[in-house]
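Please open the structure in your viewer and keep the selection panel at hand.

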Amino acid sequence: MQAKIFSILGGGICGLSTAIALKNIGIRAEVYESAPQFRPLGAGLLLAANAVRGFQKIGIAEKIVARGRLLSTFSILDNRGRTITAADATTIGKKYGLHNFAIHRADLHEALAAELDPAQIHTGKRATGFSKNGEKTIVQFDDGTSRETDFVLAAEGIHSAIRRQLLPESTPRYAGYTCWRAVVDAGAVPQDFASETWGAAGRFGIVPLSDNRIYWFAVVNAPQNDPVLRHYGVADLQRLFGNFHDPVPQLLAQTREEDLILNDIIDLKPLPQFAFENILLLGDAAHATTPNMGQGACQAIEDAVVLAEELTKNQHPVAAFTAFEKRRLKRTRFIVEGSWSLGKIAQWEAPLLIFLRNTLLRLVPENLNERQMRRVLTTDF
Ligand SMILES: Cc1cc2nc3c(=O)[nH]c(=O)nc-3n(C[C@H](O)[C@H](O)[C@H](O)COP(=O)(O)OP(=O)(O)OC[C@H]3O[C@@H](n4cnc5c(N)ncnc54)[C@H](O)[C@@H]3O)c2cc1C
């Protein structure tokens, strides 16, 4: 019997992790990526214990961890640098596995791609839609070509063309805030922990990476696609965050204009369905979340592991897709909704609300924080 063809659309964290997980169970998937070539893009990523466990399951954790940096704590601070809450990665790591791991996106991407046969990654292939031919699916690309395939794994991110065709009403929703990111040379800034500072002007996150680099992000409330903010430069951010504690001003001063990346923060309202016979939505295409819990990529990696498990357990991939959906719908809904709510609270601007929030958070008993964290970090594999 001829081997069935699996096509993964999108060569991001989800698409590449899925291709590796499938390779491990003897399935070679072809990956179609819209970018003409893989270029070092993006800023940093924090990966939690569930993501590292996912990488362990697909046998690449050591290589990935070697490219990044383990951080001792993740703290939420006020704009004077005083702790609101702090999670100790060493203690958490003892319970849930390696935690609070930071890596440059480009390094992660490179490490994932290195696990695959270069011939199975097809760049310059933007999927625009699909049609059916009996049990087969024909995927169309924007270069005029098409590919007949048995199974489609749609991992083309939040703007997934395949999802738009399947569920036209599932459009991304704007969270109400926008985010600048950059990676800078750390210079003399000493830091071995990740932090996020919540002030009235917005939030400022600091995540040390390997090779003496620091990834920072700054989040402010704003209308969607604000034309004024599009033109903001480093000096404007210095004005907004100038009164934040050290080393925020230093990090901004060390930032080159051309390294600033700006994104409005969007997610997908939880979908009712990921599996559509021989087509499966994965990663951000299925359950894009706001970055407040740092779980979007972690969930994409979980998807890869769960799909490979279900393909092993079920004789027919369509049954595996249904089983995948059953395992993933509730978990990803919990993350998307939790992250959405956390973002709303973190972006409060009124001084009284900020005071009440910070005071209450400081009083939250450790076992309650731990219970929340357990639910995020515990996987079913
Ligand atoms: C500001 C910010 C900070 C974040 N921080 C974290 C964090 O700290 N930790 C964490 O876990 N997550 C974080 N996330 C979320 C994380 O980036 C995503 O969840 C993750 O990248 C999803 O991976 P993906 O492969 O599903 O989608 P994507 O990363 O979007 O990859 C999709 C890929 O498909 C390609 N593509 C797009 N359209 C097509 C098409 N039509 N045909 C073919 N290819 C296509 C794209 O070029 C891309 O390579 C953050 C997100 C943002 C916005």
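How do the residues of the shell around the ligand divide into nonpolar, polar and charged? They comprise 12 nonpolar, 9 polar and 7 charged residues; Ala, Val, Leu, Ile, Met, Phe, Trp, Tyr, Cys and Pro count as nonpolar, Asp, Glu, Lys and Arg as charged, and the others, Gly among them, as polar.

This is a predicted model, in which local features need pLDDT of at least 70 and side-chain atom pairs pLDDT 80 or more, while totals for chains, interfaces and linings use all residues. Residues are numbered from 1 along each chain as its sequence is written, and side-chain values use heavy atoms, with hydrogens and water left out.

Select C14, E33, L46, R105 and D284 next: of the 28 residues around the ligand, these come nearest.

Now display the backbone of L46, where a polar atom is 2.8 Å from a nitrogen atom of the ligand. At S34, a polar backbone atom is 3.1 Å from a ligand nitrogen. Then move to A297, whose backbone N or O atom lies 2.9 Å from an oxygen atom of the ligand. Taken alone, the ligand exposes 1000 Å², of which the protein buries 82% (Shrake-Rupley method, 1.4 Å probe).

Finally, select the cysteines. The structure holds 0 disulfides (pairs of cysteine sulfur atoms within 2.5 Å). For C179, the nearest cysteine sulfur, that of C298, is 16 Å away. For C298, the nearest cysteine sulfur belongs to C14, 12 Å away. C298, at 0% relative accessibility, also counts as buried.

Definitions and conventions
A residue is near a molecule or strand if one of its heavy atoms lies within 4 Å of it. A polar contact is a pair of N or O atoms within 3.5 Å; within protein, one must be able to donate a hydrogen and the other to accept it, and residues adjacent in sequence count only if both atoms are side-chain atoms. Buried means under 20% relative accessible area, exposed over 50%, partly exposed in between (1.4 Å probe, protein chains only).
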